[in-house]
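Thanks for coming, everyone. I'll keep this short and walk you through one structure. Have a look at it first.

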Amino acid sequence: MDKHNSSELLNSDFSLSKNASSDSLDSDSKSSSLNSKHGQDSSHVLGDIQLLDGEKVMGVARDVTYLCPYSGPSRGVLKVTNYQLHFRPTEATSLQTTLSVPLGVVSRIEKVGGASSKGENSYGIEVFCKDMRNLRFAHKQENHSRRGIFEKLQQLAFPLSHRLPLFAFSYSESFPEDGWHVYEPITELRRMGVNNDMWRITRINDKYEICDSYPSVWAVPAAANDDLLRSVAAFRSRGRIPVLAWIHPSSQATITRCSQPLVGVSGKRSREDERYIQLIMDANAQAHKLFIMDARPSANAIANKAKGGGYESEDAYQNAELVFLDIHNIHVMRESLRKLKELCFPQIDQTRWFSGIEASCWLKHIKCILAGAVRIVDKVENHKTSVLVHCSDGWDRTAQLTALAMLMLDPYYRTLRGFEVLIEKEWLSFGHKFQLRIGHGDERHSDADRSPVFVQWVDCVWQLQQQFPTAFEFTERLLITIVDHLYSCRFGTFLFNTERERVKEEVKSKTVSLWSYINSRQDLYLNPLYWGPSSFGATTPPSPYSRPQIVLVPVASLRIIKLWKALYCRWNPTMRQQDPIFQRTRELVALRAQLEAAAAAAAGEHAARHHRLALTPPRVASPHHV
């Protein structure tokens, strides 16, 4: 296999897919081994296709026509590897329709037409993707020409349904930093000041026996012994007891998270659970009240009583105030995104653009999540009151709210590395069901558990970036990269549902972390307008131009919230930015570093000159003789 250096790879035809039909990862992920200095060690070119380490061509279909909804039909060669679907046109004038789509992005594959179908391009395959687009390929009708490639696609796009491993277990590129070490739970708790007089670290769940969807390390009230924790787990859905998510550095007000109590229609009570909630309240000496933020609409919470769940009664939980945040469930969000996709792809109806956005209710849902997080921030920051957050099971809407509130409150999470820690902590370790919600390697596309919960949260982060452009160390490019690799199955980061499953499957030793990849090329994601301290402080001196980082309180109003066109509408050339903003951002980051270095050098010279003058003895005037 030929080894190519970075400059050669940058000039290869494979990197030319820049138009509407180009790969979602073109601006970022697909060029990972193209633009990265590490790519030369791990990737290689086989004919016209760029292969990652561990990637193999598994099927080829020639004389296939890609039916691009924007630039029209393009004839070429379709190849399927164990990682991607790759189409390359045979005519040099059509290279802009080169495609490279990770198979993890595929939601379902359908045959179009039959052997007797009439009309040009009426026989072929349609690929439906999770990233807001569909791809259609036409085949010749003789000799069942589509059968082989269709079967290969079905097998490789949905490996778990065919008893095959995900590509992440074959991919083995090495990076300077091991991203699996980005998040260490004990280190993060100590950063927040735990252990202390009121909170302690416990490993009671070390073998995941108390709660199989929680992490092995928790922070709980210091006065709560292990027997109390076990009793509380029996009264909370799925054993997900209230544990610490974040603690205010000065007021000691906390954000804790859990699942709903098992109240049921009979209104059961648990003295142990009530005592435990009181201990959480008592851990904050600044307030004698606790707010319980239930993410659900009140009608849904009441309906959950019939299933054995429910909500906390203010009569049973003294000095606790219950607030419903009216965020709808995963099924409503899935339907909302489906309507948004119909609006954005393939063609946009200009006459119903705004009415279509409103009818999808997507921005309304984004507003509700932001508004809920703002209420949490207000109670913790302004009222110095602790907040307990839950929904039904505590792994969807709860994660959205706690992670968003922590992002607003703590500037550390707004750094690149801190943002990685936030995702690892609030989403991955606390058991958001990525496998079920995204459907990695699973052909059951209509599964009721599928839902864009995490994408919705990333959208909320983007809304914060729009309202506070200098508050984040990273740009939207990082967010799009994370969303793309949420689907790609190239990295092990988002695989499986819980920490317990990842430990069992040895994900850390058998796959590569997404953070290894991102941190090896961090300059691609840095925000030149950022005013805060860098998360890479160990190697980067603090900038004298850093500004104090404030608590972010966004305006959660439909007057302000916008549709994230760079994510949802990126396949339509009429909606894409004409300006190469990513490259300009990188140039600005480099220029800023040069100017700060020049300013620091000038300041150093000035200080040295001043020091020399201080050491020079004053000249004594000679006596004047008359």
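Let's begin at Cys-391. This residue sits in the loop between strand S16, residues 386-390, and helix H12, residues 397-409. Keep in mind that we are looking at a predicted model. Why start here? UniProt lists Cys-391 under "active site", in an unreviewed entry.

Is Cys-391 buried or exposed? Its relative accessibility is 3%. The cut-off for buried is under 20%, so Cys-391 counts as buried.

Now, what does Cys-391 touch, leaving out residues up to four places away in sequence? Another cysteine, Cys-258, is on the list, and so is Gln-260. Then come Asp-294, Ala-295 and Arg-296. Asp-396, Arg-397 and Thr-398 complete the set.

Next, the sheet that contains S16. Five strands form this open sheet, and the order is S12-S13-S16-S14-S15. The pairing is mixed. Which strands are at the edges? They are S12, residues 243-247, and S15, residues 320-324, and each pairs on one side only. On average, neighbouring strands here are turned by 25 degrees against each other, direction ignored.

S14 covers residues 290-294 and pairs with S15 in the parallel sense, over five bridges. Within S15, Ala-320 is the residue that stands opposite Leu-290. Asp-294 belongs to S14 by its range, and it is also one of the residues that Cys-391 touches.

Helix H7, residues 271-282, lies across S13, S14, S15 and S16. Its direction is at about 120 degrees to S14. Helix H12 lies across S12, S13 and S16. H12 runs at about 160 degrees to S13. Remember that the Cys-391 loop leads from S16 to H12.

Let's move to another part of the chain: strand S4, residues 72-81. How many of its 10 residues are buried? Eight are, so S4 is largely enclosed by the rest of the structure.

S4 has partners in S3 and S5. S3, residues 57-68, pairs with S4 in the antiparallel sense over nine bridges. The two form a hairpin with three residues between them. S5, residues 84-89, also runs antiparallel to S4, joined by five bridges. That hairpin has two residues between its strands.

Look at Leu-78. It is the bridge partner of Ala-61. Leu-78 also stands opposite Phe-87 in S5.

Now a helix pair. Two packed helices are described by the angle between their axes and the distance between the axes. H11 is residues 362-382 and H15 is residues 453-467. They pack at about 75 degrees, with their axes 10 Å apart. The range for roughly perpendicular is 65 to 115 degrees, so H11 is roughly perpendicular to H15.

Which residues meet there? From H11 we have Trp-362, His-365, Ile-366, Ile-369 and Leu-370. From H15 we have Gln-456, Asp-459, Cys-460 and Gln-463. By class, this contact has five nonpolar, three polar and one charged residues.

Last, the whole chain. It has 21 helices and 16 strands. Of its 626 residues, 57% are buried. Counting contacts with a separation of 6 or more, 70% come from residues 24 or more positions apart.

That's the tour. Over to you for discussion.

Notes: Residues are numbered from 1 along each chain as its sequence is written. This is a predicted model: local features need pLDDT of at least 70, side-chain atom pairs count only at pLDDT 80 or more; totals for chains, interfaces and linings use all residues. Side-chain values use heavy atoms; hydrogens and water are left out. UniProt positions are given in the numbering used here, feature names are shortened, and annotations may be inferred rather than shown by experiment. Helices (H or I, at least four residues) and strands (E, at least two) are DSSP runs, numbered from the N terminus. Buried means under 20% relative accessible area, exposed over 50%, partly exposed in between (1.4 Å probe, protein chains only). Contact means heavy atoms within 4.5 Å. Two strands pair if DSSP finds at least two bridges between them. Axes are lines fitted to C-alpha atoms, for helices over the stretch in contact, and angles run from 0 to 180 degrees between N-to-C directions. Angles under 35 degrees count as roughly parallel, over 145 as roughly antiparallel, 65 to 115 as roughly perpendicular and the rest as oblique. Ala, Val, Leu, Ile, Met, Phe, Trp, Tyr, Cys and Pro count as nonpolar, Asp, Glu, Lys and Arg as charged, and the others, Gly among them, as polar.
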